[in-house]
Amino acid sequence: MAFSMNHMVVDGYSAWQFINSWSEICRGSLTIANPPSHQRFRAGRICTTNQNSKVYLQSVEAAQRLPPLSHDLQETLFRFSKDKIAHLKSRINTHEKKRGTVTNYSSFKALAIHIWVAITRARNLKSEEQTTMSFSVDCRSRLIPPLPKSYFGNAVHLIRMTTTVGELLNDANIISTVNLLQESIETAQRDERIRFKIEKWMENPNLTSVQGLANHIVIGSSPRFPVYESDFGFGRPMCARSGGGNKYDGKITLYPGKEGGGSVDMEICLWSSVMQMLDSDAQFLLQDLNSS
């Protein structure tokens with residue numbers, strides 16, 4: 001099964017809600033378990049029929065369109081077991097305890113920092129160069145009043161954080177980096193911040209691009225999405241992968257692991273020379289954990 005979508009229209013949660021509802025219908029169901037909400041909202045407020053909720057985009061210039069895939073771009077799937085994910089989370093939290101504080105950092109934060117550090121190391125950058133990580137967070141429950149979980153559309157907020165290569169690769173700074181990530185998420189998910197970003201975008205609608213930034217990684221999708229619930233009548237899926245329109249240097253797509261239990265599949269796209277370095281990086285692959 002293959003399909004395409006425009007991310008301006010729906011986010012990952014809505015996309016999988018649609019796919020799973022579609023699969024229910026294909027199995028003969030006359031109803032769907034998770035009906036979507038098509039009520040429109042602007043900054044969390046319901047739009048009435050008298051309100052003009054349309055926005056008009058400038059014509060998309062050719063330079064803004066996705067370039068054709070380069071032959072030098074390589075995609076590799078890395079599978080991290082639940083034990084590896086637990087190890088990453090434990091390592092971060094152990095660093096925190098050594099500082100005399102206790103913060104239970106999430107598996108996503110631990111994994112995101114691990115990926116960012118490993119790819120930056122594989123790129124062999126100078127310590128004074130800057131590196132950036134971007135990812136999206138769901139804002140449905142963060143607005144006041146909150147959007148319904150079933151809201152069908154795009155309700156994600158892009159977070160972008162930047163530091164120097166030297167700071168990121170210094171293991172002594174790992175908690176500072178995780179705290180920077182934590183603060184970025186908390187700031188981005190505040191009701192007033194979300195509303196401000198929406199209103200600014202409404203004043204000047206544009207197509208957000210995460211490509212073209214130097215030393216950049218973009219983490220998309222989520223291990224929490226119900227990928228393996230989409231049974232179209234042929235049984236549970238064997239795997240899920242992104243299409244060619246979603247591949248560029250530094251793009252990481254996360255999926256729940258087929259084995260379940262908190263395992264994660266990582267679809268990573270990098271230039272071939274960088275991928276060779278990453279694929280042989282024992283620290284990234286947690287090979288010590290494999291041999292233990």
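Predicted model: local features only at pLDDT ≥ 70, side-chain atom pairs only at ≥ 80, totals over all residues.
In which sense do β4 and β6 pair, and over how many bridges? The two strands pair in the parallel sense, over 4 bridges.

## Overall make-up

The secondary structure of the protein consists of 9 helices and 8 strands. The protein has 292 residues, and 41% of them are buried. Its exposed surface comes to about 16700 Å², with carbon and sulfur atoms supplying 52% of that area.

Contacts can also be sorted by how far apart the partners lie in the sequence. Among contacts in the protein with a separation of 6 or more, 72% are between residues 24 or more positions apart.

## The sheet

Six of the strands are arranged in an open sheet: 6 strands in the order β3-β8-β7-β6-β4-β5, with mixed pairing. The edges are taken by β3 and β5, the latter covering residues 156-164. Each of these two has a single partner strand, so one side of each is left without a neighbour in the sheet. From one strand to the next, the twist averages 20°.

Helix α3, residues 107-122, packs on this sheet. The helix touches β3, β4 (130-138), β5, β6, β7 and β8, and its direction makes about 150° with that of β4.

## Strand β6 and its partners

Strand β6 spans residues 216-221 and strand β7 spans residues 251-256. These two strands pair in the parallel sense over 4 bridges. Within this pairing, I219 stands opposite I252 of β7, and S221 stands opposite L254 of β7.

On the β4 side, the pairing with β6 is likewise parallel, over 4 bridges. Here M133 has I217 of β6 as its bridge partner. How much of β6 is buried? Of its 6 residues, 5 are buried, so the strand is largely enclosed by the rest of the structure.

## Salt bridges

How many salt bridges does a search of the whole structure find? The search finds 9. One of them joins the side chains of R79 and D265, at 3.3 Å from N to O. This pair links distant parts of the chain, since R79 lies in strand β3 (residues 73-80) and D265 in strand β8 (residues 264-271), 186 residues apart. D265 has a relative accessible area of 2% and is therefore buried, the cut-off being under 20%.

E203 is exposed, because its relative accessible area is 61% and the cut-off for exposed is over 50%. K200, at 43% relative accessibility, counts as partly exposed.

Elsewhere, salt bridges that share partners join D11, D138 and R140 into one network. D138 counts as partly exposed because its relative accessibility is 35%, whereas R140, at 3%, counts as buried.

## Residue E167 in helix α4

E167 is found in helix α4, which covers residues 165-169. Is E167 buried or exposed, or in between? Its relative accessibility is 42%, so E167 counts as partly exposed.

Which residues does E167 contact when its neighbours within four places in sequence are left aside? They are N173 and T177. With N173, the link is between side chains: a polar contact of 3.1 Å joins E167 and N173. T177 is 10 residues from E167 in sequence, and the two C-alpha atoms are 8.3 Å apart in space.

Definitions and conventions. Residues numbered from 1 in each chain as written. Heavy atoms only, no water. Buried < 20%, exposed > 50% of the residue type's maximum accessible area, 1.4 Å probe, protein only. Contact = heavy atoms within 4.5 Å. Polar contact = N/O pair within 3.5 Å; in protein donor to acceptor, adjacent residues only side chain to side chain. Salt bridge = Lys/Arg side-chain N within 4 Å of Asp/Glu carboxyl O. Areas by Shrake-Rupley, 256 points an atom, 1.4 Å probe, with all protein chains shown as cover. Pairing = 2+ DSSP bridges. Axes fitted to C-alpha atoms, helices over the stretch in contact; angles between N-to-C directions.
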